[in-house]
Amino acid sequence: MFYADLGMNYNPELAYAHPVVVLEEVGALVLIVPVTTSSDMVTAAYHPVDNPNGNKLLWRVYSTDGFSKTGAVILSNMRTISKGRLLDKKGGLHDISNPRSLFVEIKTKCFEICFPKQYITQLKLEKLVEDLTDDKKRLEKQIEDLQKELVELRAK
């Protein structure tokens, strides 16, 4: 997480200096999502436990997640900025390589919001891989059973 100068923007984009979560490096740019501590946005923000009916374009985060205070990640404002706009490192999210981490959840949600067709295609492909893996296990078991039966038949 960094403090970044987001410059002058148009409403509803955040402007000036704000905390951001850096999602990826893209050459000389970084893909970021801004964070706000605006009480209205924090109250409205989705959280799987505290506010499951909240606004899914906002994700509520806490100091226990690695933030300096309670805030809302504005998922719909994901964008690239120059690395030169990163002013100060403000900390980091915990265990970002864990598939169940908040960082991965934020990245996945951004992908889902910004690229819904690709996200649906990805889910379908993941389901297909799961089904094919199950089929493979079932067929391997059948082969094993048939090999045992063949050995028994040859023994007679």
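D5 stands opposite A17 in strand β2. Strands here are DSSP runs of E with at least two residues, helices are runs of H or I with at least four, and both are numbered from the N terminus. The model is predicted, so local features need pLDDT of at least 70 and side-chain atom pairs count only at pLDDT 80 or more, while totals for chains, interfaces and linings use all residues. Residues are numbered from 1 along each chain as its sequence is written, and side-chain values use heavy atoms, without hydrogens and water.

Strand β1 (residues 2-5) pairs with β2 (residues 17-26). Pairing requires at least two bridges found by DSSP between two strands. β1 and β2 are antiparallel and share 4 bridges. β2 also runs antiparallel to β3 (residues 29-36), with 6 bridges. Here V20 stands opposite P34 in β3. β2 and β3 form a hairpin, with 2 residues between them. In the turn, G27 has a positive phi of about 65 degrees.

The largest nonpolar core has 17 residues. Such a core is a set of buried Ala, Val, Leu, Ile, Met, Phe, Trp, Tyr and Cys residues joined through side-chain atoms within 4.5 Å. Buried means under 20% relative accessible area (1.4 Å probe, protein chains only). V21, L23, V33, F67, V73 and I106 touch the most other members. At least two residues of this core come from each of β2, β3, β5 (55-61) and α2 (102-114). α2 gives the largest share, 4 residues. Another core, of 13 residues, lies apart from this one and includes A4, V42, I74 and L86.

Conventions: Buried < 20%, exposed > 50% of the residue type's maximum accessible area, 1.4 Å probe, protein only.
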